Amino acid sequence: MKCCKAGGCCCCCPNFPGRIFAWLIAFFIWYQIFIGVHIGLVSNLGLIFHAVIIIFWNACFLLTISSLFSAALTEPAEIDSKYKVPDEFLESSASNRTISFHRQLSKYANEHPELSFQLLDVGDFKYPRYCVHCQIFKPPRTHHCRTCEKCIPRMDHHCPVIGYFVYKQEVTTCVHFHNHKFFLLFLFWASILCLMGVTFISPQVVYLINTSGEPKYGSLTEVIPAMIVTSGLTNAIVCGLALFCFQMYLWWMLKNNETTLESHEDDDDEKPDYDLGKACLNIKSIFGKRKLLWFLPIPTTVGNGFTFVQKLRTENNIEE
Ligand SMILES: [Zn+2]
Ligand SMILES: [Zn+2]
């Protein structure tokens, strides 16, 4: 099992103690919510309903964890070799920032319209976006991630969290074309867990508040469950609100077929628009056509992440 760039097993990773600590904290938070739900259910509902809720809770927990791992372990696609800047361009130019180099790129783009380059306007001519680090032409929606140190197809944003919980490392944890679905599912199922926590723990907290001052079983047997349900409810509310707000923003972006990075770009007439016209079509572009599989962390995204249907903001017709 390899981890860092230096190679070796996960235990050799310099961040290994930190990862273990993060895992323990995460499990502690979720375990507290789980126990809080459990204790809340014991005194309020029948045994069968209790069992159904606990089974549903564990199913949601499994979906959350598997979505997280799927997001972290799905590598961004390697940029196709046809996007590599020809060696003779690089050799003939002492600095790849010179005008002559950009003119060479412009000429190359005109000769290869099939690559659908996104062109940058420098006044008297246009040249295709290219990455000075990877020395490739950037396919549409591709961005260079400085943390991952490579170009990422349809990069949404770099997320240091999702990679922190797996044996690999932070440098492969961008949210990109092929793991965007898994990342959204992780946020979705985690927020469902929080919602369940708030729903089932709240009545118990209210019950504890109403019965305070009426000890029945001795102080210790009452204080410990009270502490667990109260901290479980706090965790569920705080985590749930954070997850809900963050994912609402990402769902809104996806509804418009826009990435987080694209939403921060200047909104001019030259900015490509990838909106397919309907929210359902935009969601299908990442989640696939079979709606039954939308909620499961299995790969259903169709495409290579290099070519997209787009329209210019100045035109009404969708064009390739
Ligand atoms: Zn790059
Ligand atoms: Zn990254």
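This is a predicted model: local features need pLDDT of at least 70, side-chain atom pairs count only at pLDDT 80 or more; totals for chains, interfaces and linings use all residues.
Local features were considered only at pLDDT of at least 70 and side-chain atom pairs only at pLDDT 80 or more, whereas totals for chains, interfaces and linings use all residues. Residues are numbered from 1 along each chain as its sequence is written, and chains are lettered from A and ligands numbered from 1 in the order in which they are written.

An unreviewed UniProt entry assigns the feature "transmembrane region" to residues 20-41, 47-74, 182-203 and 223-246. The positions follow the numbering used here, feature names are shortened, and such annotations may be inferred rather than shown by experiment. Helices (H or I, at least four residues) and strands (E, at least two) are DSSP runs numbered from the N terminus. The span 47-74 is 96% helix and 0% strand, with its end C-alpha atoms 40 Å apart. Residues 223-246 are 100% helix and 0% strand, and their end C-alpha atoms lie 35 Å apart.

Helix α2 (residues 47-73) has 27 residues and, at 1.5 Å a residue, should span 39 Å, which agrees with the 39 Å between its end C-alpha atoms. The expected span is 1.5 Å times one less than the number of residues. Buried residues of α2 include Trp57, Leu63, Leu68 and Ala71; a residue is buried if 20 or more other C-beta atoms, placed from the backbone, lie within 10 Å of its own C-beta, exposed if 12 or fewer, and partly exposed in between.

Ala71 is also among the residues with the most contacts inside the largest nonpolar core, together with Val37, Ile136, Phe183, Phe186, Ala190 and Ile201. This core has 44 residues; a nonpolar core is a set of buried Ala, Val, Leu, Ile, Met, Phe, Trp, Tyr and Cys residues joined through C-beta atoms within 7 Å. Elements giving two or more residues to the core include α1 (16-42), α2, α4 (99-111), α5 (180-210) and α6 (219-255). The most, 14 residues, come from α5. Because domain 1 (10-76 + 161-293) and domain 2 (81-138) both give residues to this core, it lies between them. The domain bounds come from an automatic or database assignment.

Threonine 259 is in the loop between α6 and α7 (260-263) and is buried, with 22 other C-beta atoms within 10 Å. Leaving out residues up to four places away in sequence, threonine 259 touches Arg141, Arg154, Met155, Asp156 and Met253 (contact: C-beta atoms, placed from the backbone, within 7 Å). Threonine 147, in the loop between β5 (143-145) and β6, is partly exposed, with 14 C-beta neighbours inside 10 Å.

How values were computed:
Two residues are in contact if their C-beta atoms, placed from the backbone, lie within 7 Å.
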